Amino acid sequence: MNNYLRKYRERRYFMRIVLSINLLIVSFMLASLLSAFWYSKKISLDSQQEANEKVLSQINYNITYMNETVKNFAISLFYDNDMAHLLYSGEIDRFEETTRVIKLNKTIAYNSFVHSVVFYNSKRGVFFTGGDNAITAPNSTLINRIEGYLNGSDPIYKMQLMPIEFTPDVRRPERKQYVFSLFLYDSLDEYTRTESALIINVKPEWLLEKLELANGQSGNRSNRMFILDQNQEIYSASARTDLDLEALKDEVYRHYADGGNQVAQFTYAVGDDKHIVNYMVNPSVDWIIADIEPYAVVLAAVDKLKLVFLTVAAVCLVLAVIASLFVTSKLYSPINGLLKQTKRFTGNDLDRFEEKDEISYISQIYNRLIETLMQEQVKQEGDEAILRSYYIRKLVTDSSEFSEEDRQECIDKGYLRTSLTKDIVLGAIKLDEYAKLKAKTLGVDVNLLRFAVGNIVQEVLSEETDCDVVDMRSEYLVLILEAERTDEDRISRFAQLLRRAQSIVRDYYQVTFTVALAEPTTDSRELTGKYERALDFLTYKMNFGLGAVITPAMVQPNLDNPETQIPPELERKFIEAVKSNRQENVFQELEHIRRVIAGMSSDAVIQSVIHLGIILKQTVREINQNKLAPLSIDLRSVDRLVFEKETLDDIFAEFGSMLNELFVDRKRGVENKDHVIVDTIKEVIQANYSNPNLSLQEISDRLKMSSAYVGRIFKRQETISVADYINEIRLLKSVMLLENHNLQVNEVSEKVGFSSPSYFFKLFKKRFGTTPKDYRIKKSLTDPPPVPEVHKNTN
């Protein structure tokens with residue numbers, strides 16, 4: 001027994017699976033049962049509410065129908081000419097009164113729902129009655145109750161049925177009865193005793209019997225229907241007065257006030273018992289019909305379901321435990337087999353891993369075995385990797401000394417995947433922007449990147465052919481491909497595979513590399529020369545861009561191109577565009593130069609780029625020689641472009657940035673020059689405004705510039721012409737003279753430079769809205785305002 005318990009105690013992972021499966025099953029089962037129970041409860045409540053609302057709707061309809069019937073009956077009596085004598089006659093006429101009362105009793109006899117009718121004659125202060133004897137019996141309190149309403153003891157709701165409780169025989173006060181009374185009178189305002197009234201009393205049996213029938217369906221006294229009238233008085237089919245119904249009345253009105261719903265349901269607690277209350281409002285008589293039922297009775301069927309659910313849950317739990325043990329034993333069998341296998345590696349019993357489960361123990365044993373195997377493999381492969389790298393690098397860098405014995409040894413020991421007996425294609429691989437990458441990663445990660453790139457390239461190309469990739473312990477990787485034939489299509493296929501390898505490296509490591517393939521050869525002794533050729537082709541990365549796969553066919557047009565420098569005509573157009581500040585033409589000519597240089601050989605490309613930098617520096621120096629404010633562009637970066645940038649696109653992008661700075665600097669210089677000219681013009685006007693001959697032409701002559709040029713610059717800067725500015729200054733000066741000196745208006749006009757007094761008057765009135773003379777008078781009567789400034793553009 002102890003061994004059996006020990007076995008299951010040690011199998012912690014097994015027990016974890018059992019508990020997990022049981023927990024999952026139980027959680028799902030409980031969630032399902034709770035959802036089913038909640039849904040059943042909801043359906044029961046909804047069904048009961050729907051049934052109660054149907055009953056309340058029927059009673060509500062009966063009340064509305066009866067109220068309309070009684071209203072129509074009351075109106076027909078009230079406006080009956082024969083009955084008007086009973087309401088309004090001020091004289092006693094026994095014969096007429098008896099005749100009309102007899103007619104009234106006949107009318108009541110034809111309407112079975114009428115209990116009695118009362119005519120109150122306010123002129124004589126008497127009642128005429130007909131119908132049930134309870135209205136005239138000396139021991140009945142009904143007529144007294146009606147008279148109380150007429151006297152104002154209780155409010156009267158005109159044309160609405162109102163429940164009235166009375167005692168048929170005062171000798172037996174415990175016996176109470178109800179009638180539903182409807183009052184009708186002429187006034188639209190609140191009733192007063194000074195006007196006659198008609199009162200129709202309706203038998204209560206038509207309503208109370210239905211309430212009694214509904215209440216009799218349950219033996220529980222808390223299960224009943226009742227009515228709340230306009231005065232919030234409670235009426236039930238039973239004459240009993242229940243304190244719980246009185247408390248419930250306040251709760252019904254509270255819910256109605258909060259929600260404002262005509263039909264609603266809520267739960268009400270009476271002591272420890274809960275009840276379900278449904279109510280419906282009748283707007284025609286302002287009554288509320290309510291129904292109260294025990295909560296336990298409504299949900300009795302649901303409570304029976306609860307026992308069924310608990311039984312099902314217990315059965316499912318037992319079945320879940322049995323099923324989980326069975327499923328777990330099946331799932332655990334592979335782990336149990338592994339445990340038996342691992343015992344022979346440890347030499348000890350399972351007690352050694354009491355703090356761990358089976359998976360942790362198996363993982364520990366597996367990791368120990370893998371570590372041992374890797375140590376042995378590293379020892380074996382380390383020496384072989386060194387020898388393999390040595391032989392391949394010797395083959396590439398000194399192929400003429402690579403003997404047949406060396407080749408055979410490499411093949412026998414697996415150092416070479418290629419046999420060197422077929423067509424051979426040698427390529428050179430270099431990571432793009434190698435210097436930046438090395439500086440960023442401190443050289444360590446670059447070695448790992450070269451190793452990863454070599455493995456990816458070799459894996460992709462091995463799908464098509466035998467290949468070897470070796471790190472040359474410098475910036476380059478060497479690629480050796482072998483194929484039965486190496487025509488142009490075959491080279492294109494190799495290039496396609498290399499592009500796929502580039503995509504993989506870019507996705508994984510976010511770096512790119514460039515590959516250059518030399519011409520194919522069949523003699524392995526020529527591989528050193530092909531290696532040099534591949535390195536030469538790799539320099540064409542400047543022409544074809546980063547991440548290029550450069551083949552001999554791509555380089556051949558550049559090698560055949562005899563041009564070694566920029567054409568003089570293209571050079572001349574570029575210089576002229578820069579000097580004349582034509583930005584669009586400059587970039588067009590720069591793009592033409594880039595296309596010309598891109599078609600040259602690698603040596604010619606470098607020479608042409610350096611020459612273009614020299615041209616740009618010389619042109620800027622010539623521009624600065626003819627400028628008062630030299631351009632501040634930094635030309636020292638031009639010399640570093642060839643050494644810092646790896647492609648023509650990058651180099652010409654830098655040239656473009658320099659030229660943009662040049663144009664911005666020149667534009668800034670032009671704007672500064674315009675500001676100097678405008679400030680000078682203002683100074684001339686301020687100093688010579690009193691000169692009647694001062695004009696745009698005279699100012700231009702002083703500045704030795706054309707009048708059109710001066711006028712255009714001033715208008716662009718100040719948004720006002722030179723002539724208008726002169727007049728503005730003269731007008732402001734005239735204001736100062738008018739305010740501070742006792743000169744005649746004509747003298748003021750002459751002193752500020754106006755040759756015509758009438759022209760001065762015209763401009764002054766247009767500017768200030770008054771004549772110079774009136775302006776002086778107004779200013780002498782009031783405090784002088786500040787002199788307005790010249791309006792100008794401050795931008």
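Trainee: How many helices and strands are there in the protein chain?

Mentor: The protein chain has 28 helices and 15 strands. Keep in mind that this is a predicted model.

Trainee: What share of the residues is buried?

Mentor: Buried residues are 42% of the 795 in the protein chain.

Trainee: And the surface? What does the accessible surface come to?

Mentor: About 44200 Å² for the protein chain. Carbon and sulfur atoms hold 53% of that.

Trainee: How much of the contacts comes from residues 24 or more positions apart?

Mentor: Take the contacts in the protein chain with a separation of 6 or more. Residues 24 or more positions apart account for 63% of them.

Trainee: Switching to rings. How many aromatic pairs does the structure hold?

Mentor: It holds 18 aromatic pairs. Look at Y120 and F127. Their ring centres are 5.0 Å apart and their planes meet at 40°, so this pair is tilted.

Trainee: Are those two buried or exposed?

Mentor: Y120 is buried, at 3% relative accessible area. F127 is partly exposed, at 23%.

Trainee: Why does 23% not count as buried for F127?

Mentor: Buried means under 20% relative accessible area. F127 has 23%, so F127 is partly exposed.

Trainee: Which residues do ring pairs link into a cluster?

Mentor: F754, Y759, F760, F761, F764, F768 and Y775. One of them, F768, also has R767 over its face, at 5.0 Å from the ring centre.

Trainee: And what sits over the ring of Y185?

Mentor: The charged end of K158, 4.9 Å from the ring centre.

Trainee: New topic, helix α11. Which of its residues are buried?

Mentor: D406, R407 and C410. Down the axis of α11, these buried residues fall within an arc of 100°, so they line one face of the helix.

Trainee: Why can residues a few places apart point the same way?

Mentor: An α-helix has 3.6 residues a turn, so residues three or four places apart point the same way.

Trainee: What about the other side of α11?

Mentor: E405 and D412 are exposed there. Just after α11, G414 takes a positive phi of about 80°.

Trainee: Where does R417 lie?

Mentor: In the loop between α11 (404-412) and β11 (423-431). R417 is partly exposed, with a relative accessible area of 44%.

Trainee: What is R417 in contact with?

Mentor: Leave out neighbours within four places in sequence. Then R417 is in contact with R388, Q458, D466, C467 and D468. Also check E482, 65 residues from R417 along the chain. The C-alpha atoms of R417 and E482 are separated by 9.3 Å.

Trainee: You've named two cysteines. Are C410 and C467 buried or exposed?

Mentor: C410 is buried at 1% relative accessibility. C467 is buried at 0%.

Trainee: How many disulfides does the structure hold?

Mentor: Zero disulfides.

Trainee: Back to phi. Which residue other than glycine has a positive value?

Mentor: One of them is Q232, with phi near 60°. Q232 is in the loop between β6 (224-228) and β7 (234-236). At 37% relative accessibility, Q232 is partly exposed.

Trainee: What does S700 touch?

Mentor: Not counting residues up to four places away in sequence, S700 touches M705, S706, S707 and V710.

Key
Residues are numbered from 1 along each chain as its sequence is written. This is a predicted model: local features need pLDDT of at least 70, side-chain atom pairs count only at pLDDT 80 or more; totals for chains, interfaces and linings use all residues. Side-chain values use heavy atoms; hydrogens and water are left out. Rings of Phe, Tyr and Trp (its six-membered ring) pair if their centres lie within 6.5 Å; planes under 30 degrees apart count as stacked, over 60 as edge-to-face and the rest as tilted. Buried means under 20% relative accessible area, exposed over 50%, partly exposed in between (1.4 Å probe, protein chains only). A charge sits over a ring if NZ of Lys or CZ of Arg is within 6 Å of the ring centre and within 35 degrees of the ring normal. Helices (H or I, at least four residues) and strands (E, at least two) are DSSP runs, numbered from the N terminus. Contact means heavy atoms within 4.5 Å. Accessible areas come from the Shrake-Rupley method with a 1.4 Å probe; for residues, only the protein chains shown count as cover. The arc is that of the directions from the helix axis to the C-beta atoms. A disulfide is a pair of cysteine sulfur atoms within 2.5 Å.
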